[in-house]
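I opened this notebook to record, step by step, what I looked up in the structure shown below.

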Amino acid sequence: MPVQLLEEAQVPQVLDVIAVRAWCSLALEALGRDRAEIDAINVYPVADGDTGTNLYLTVESAHQAVEAVFAGLEAGPEPAAPALPEVMRAMAHGALIGARGNSGTILAQLLRGMAQVLAAGGVSEGDHAAGADGDALRLALGRAAESAREAVAHPVEGTVLTVATAAAEAASGAEGGCRDVLRAAYEGACVALDATPGQLAVLGSAGVVDAGGRGLVAVLGALSEAVSGEAAPVRRGGPGVHARVDAVPDGVLLECPEDEGAAGPAFEVIYLLEADDGPVARLRARLDALGDSLVVVGGDGLWNVHVHVDDAGAAVEAGVEAGRPYRIRITHFGLGDVHATHASAPPRERAQRAVVAVVPGDGLAGLYREAGATTVPDRPGEPPASGELVDAIRRAHAREVVLLPNDAELRHTAAAAAEQARSEGLRIALIPTRSAVQGIAALAVHEPDRRFDEDVVAMTSAAGATRYGELAVAERQSWTMAGICQAGDVLGLIDGDVAVIGGEVPATARTILDRMLAAGGELVTLVLGEEVSDEVAAGLEQHVRESYLAVDTVVYRGGRQSALMLIGVE
């Protein structure tokens, strides 16, 4: 788990590379926070309750692409910052290849439209500090709205397209710099979102705003905050609409009225396509005749194709004729299945239950696997994406899966993965473990033969009863909850907060143990990184044995890429 340090934020007043990086992070955080709400109000074009999840996965892919650009340059022989055109193109490309669902595909095109302006409009490739001004943002938002409409075969008002257009129009009429332009765009989007139930009958009947538009408002709010440093105000509309939205409990989906668009094509087909512009134009016409909700986004030889059809095979064949389709994803709306296997392969019998856990270090991974868990590596600086968690859930091949993220920073990622797996017909329980030692405690009481709910309750209780600590080395001078630390100091954390600043590992570990055991405990778990010697471990065991009667200690080796030391007290 990364050390949480308190540092003064540096907020740019232009859309430069720092602001774009912050935008990705803030948008991902906002969609993670609002995902369940957006899923719950998803009634158009299909009431399948996945718009929030799809938007989150799309932005997650964009965020990873941007972070990869920064990581590549920062790790070079002469660390440097990337240029704005490079970062914007990476963001748009990441969204394109990771786009999910109708709204995610449209969002990818919105980002591509912005990138086309900001990567070519007066921002020098060699000027790393350059940023886009208010005029460039007005053009970028306008191009984004136009390109999204062009990508949709039959644009419908009262959707995310309407919200995007309203944002662009509000920005074009705003005076001032980036801050004023983006605040106007956000407020214009909010007003348009509030009006969507009056533009689309199915939304009015359900008493909700458009889910895709709601997601776009979150993304625009994040953009405004990234540039201004001020969180965008929460906008709520009339009581008739938003009272219904706010009253939806987590996990409950609103249903589309049977007489308004409930019937439709049986399959959603999505794939990436390598093809030239000419064949793609013909592909659009053929897919438009096959189904509806057609969105084709991208360009320069790479496209993302989304369509709802009854004949999924014909939609894929059309892609083969146009170019090379890959990452083909077919979802049956009625069954919630995702078909990604060859029909000729005999189905393998699913296990009844499995555990999937995110684990730092190969030593801990081996321990988890011995206990029967499917593991996902958590490497320093490279947290797993939700797609990796979904893949691990599929590999576990069980009807019921318990998911242990083992990191507070992965809560939104794990929630999105769980939602995706549920859409595939699996029963998923997400236990919000914040450290690998809590995961160990949960695994210790796991009994696959008892009822699923009982097993989840027991595992959740065991994890919740385990306090967790960690030792880490400060990388630079920073403010912490325990004061100012210097580079090289040993930091002792308890439940995620820095509690001790020390000079040596043994002394800092003893202090953390004493503080954690002051409230009582029966079992101490120590997970040691490669840098910690056996002598240090033996000394800590002796300290617990001599100072705390009837408290047992178990020691594990975390192996490579694990934390310096993890401590659990049950």
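In which sense, parallel or antiparallel, do strand E15 and strand E17 pair, and over how many bridges? I keep in mind that this is a predicted model. I looked up strand E15 (residues 523–529) and strand E17 (residues 565–569) and found that they pair in the antiparallel sense over 5 bridges; for Val524, the bridge partner in E17 is Val569.

I then followed the sheet itself, an open one in which 6 strands run in the order E14-E13-E10-E17-E15-E16, with mixed pairing. Strand E14 (497–502) and strand E16 (552–559) stand at its edges, and each has a single partner strand, so one side of each is left without a neighbour in the sheet. On average, neighbouring strands here are turned by 20° against each other, direction ignored.

Next I turned to strand E8 (residues 398–404) and strand E9 (residues 427–430), which pair in the parallel sense over 4 bridges, with Arg427 in E9 as the bridge partner of Glu400. Together with helix H15 (residues 411–423), E8 and E9 make a right-handed β-α-β unit.

Last, I checked helix H14 (residues 386–396), where Ser386, Leu389, Val390, Ala392, Ile393 and Ala396 are buried. Looking down the axis of H14, I noted that its buried residues fall within an arc of 160°, so they line one face of the helix. His397 follows H14 and has a positive phi, near 55°.

H14 and H15 pack at an angle of about 45°, their axes 8 Å apart, and they are therefore oblique to each other; I noted their crossing as right-handed.

How values were computed. Residues are numbered from 1 along each chain as its sequence is written. This is a predicted model: local features need pLDDT of at least 70, side-chain atom pairs count only at pLDDT 80 or more; totals for chains, interfaces and linings use all residues. Side-chain values use heavy atoms; hydrogens and water are left out. Two strands pair if DSSP finds at least two bridges between them. Helices (H or I, at least four residues) and strands (E, at least two) are DSSP runs, numbered from the N terminus. A crossover is right-handed if, with the strands pointing away from the viewer, the path from the first strand over the helix to the second runs clockwise. Buried means under 20% relative accessible area, exposed over 50%, partly exposed in between (1.4 Å probe, protein chains only). The arc is that of the directions from the helix axis to the C-beta atoms. Axes are lines fitted to C-alpha atoms, for helices over the stretch in contact, and angles run from 0 to 180 degrees between N-to-C directions. Angles under 35 degrees count as roughly parallel, over 145 as roughly antiparallel, 65 to 115 as roughly perpendicular and the rest as oblique. A crossing is left-handed if the near helix is turned anticlockwise from the far one by less than a right angle, and right-handed if clockwise.
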